[in-house]
Amino acid sequence: PYQVQAFRCDETKPLHHWYSRPEPEDPWYTACNLEATKLGSERPEEIIQLVSHKDSMSWIDSPGAHDNGTGTIANLELGRVLAGLKLRRTVRILFCNEEHTPWTSRFAAAAAFQRGDKIVAVLNQDSIAGKPDEAHAAGILSHAAAYSTDEGKGLAELAARLDEELGLGLGVNVWHKQNVNDDDGMFIKEGFPRTIMNVGSFPYRDSEYHLVGDVPERVDFVNVLRSTQLVLAMILALDAE
């Protein structure tokens with residue numbers, strides 16, 4: 001368990017960024033990281049790390065369907081599928097908190113560093129299928145593989161290559177994410193540079209981002225399915241290296 005505080009709401013800021021730091025007197029809450037592990041049969045010490053934050057906005061009454069219900073269900077489904085497969089390397093799935101402070105992925109990343117974990121890749125699933133309204137209305141599938149390091153760039157390019165080879169139709173956008181932040185950034189900062197964020201679009205263009213309209217009825221579940229299949233293909237390709 002970790003102690004976190006909810007962000008305050010500051011309506012003087014731009015609409016999608018109303019969150020502001022809590023004050024010292026604000027209440028503290030207990031949040032737990034959840035981890036699931038599938039041990040590898042040949043190289044169990046080498047870990048493919050999956051991440052998704054399981055919380056939604058703490059400063060506004062948002063259901064968080066895209067941010068991050070879709071990333072969470074993608075990793076849940078990946079866990080279900082991977083449980084029945086024989087893998088050479090270990091796959092570990094982290095469900096953390098990111099819409100409260102502090103972000104609890106930083107504690108998991110720090111613990112991995114302190115243990116000397118050999119993490120060969122980190123895949124952060126956040127806001128899968130979140131995209132512009134016009135793309136959704138036109139039935140256009142969308143996926144971005146955002147990287148912040150040279151090592152991450154190779155992972156992002158792998159995503160684009162697999163999308164094309166498998167005919168998933170996502171048109172993967174390989175994007176350089178200059179800010180080392182979000183849950184993927186927590187792992188980069190702890191010395192695990194082969195890391196990317198799998199996200200619906202980048203720059204993020206969901207009109208209901210961080211708002212009360214982020215409801216399940218707006219989710220393109222075909223897009224969620226294809227993006228989850230792409231992440232699965234990435235895991236299997238990494239496991240076969």
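User: What makes two residues count as being in contact here?

Analyst: Contact means heavy atoms within 4.5 Å. By that rule, Ser105, Arg106 and Ala109 in α2 meet Asp183, Met186 and Phe187 in α5. By class, this contact has three nonpolar, one polar and two charged residues. Ala, Val, Leu, Ile, Met, Phe, Trp, Tyr, Cys and Pro count as nonpolar, Asp, Glu, Lys and Arg as charged, and the others, Gly among them, as polar. Please keep in mind that this is a predicted model, where local features need pLDDT of at least 70, side-chain atom pairs count only at pLDDT 80 or more, and totals for chains, interfaces and linings use all residues. Residues are numbered from 1 along each chain as its sequence is written, and side-chain values use heavy atoms, with hydrogens and water left out.

User: Why is α2 called roughly parallel to α5?

Analyst: The axes of helix α2 (residues 105-115) and helix α5 (residues 182-189) come within 8 Å and cross at roughly 25°. Angles under 35 degrees count as roughly parallel, over 145 as roughly antiparallel, 65 to 115 as roughly perpendicular and the rest as oblique, so α2 is roughly parallel to α5.

User: What makes asparagine 75 count as buried or exposed?

Analyst: Buried means under 20% relative accessible area, exposed over 50%, and partly exposed in between (1.4 Å probe, protein chains only). Asparagine 75 has 0% relative accessibility, so it counts as buried. Asparagine 75 sits in helix α1 (residues 65-82). Leaving out residues up to four places away in sequence, asparagine 75 touches Leu50, Val51, Ser52, Ile93, Phe95 and Gln125.

User: Which residues of α2 are buried?

Analyst: Those are Ser105, Ala108, Ala109, Ala110 and Ala112.

Terms used. Axes are lines fitted to C-alpha atoms, for helices over the stretch in contact, and angles run from 0 to 180 degrees between N-to-C directions. Helices (H or I, at least four residues) and strands (E, at least two) are DSSP runs, numbered from the N terminus.
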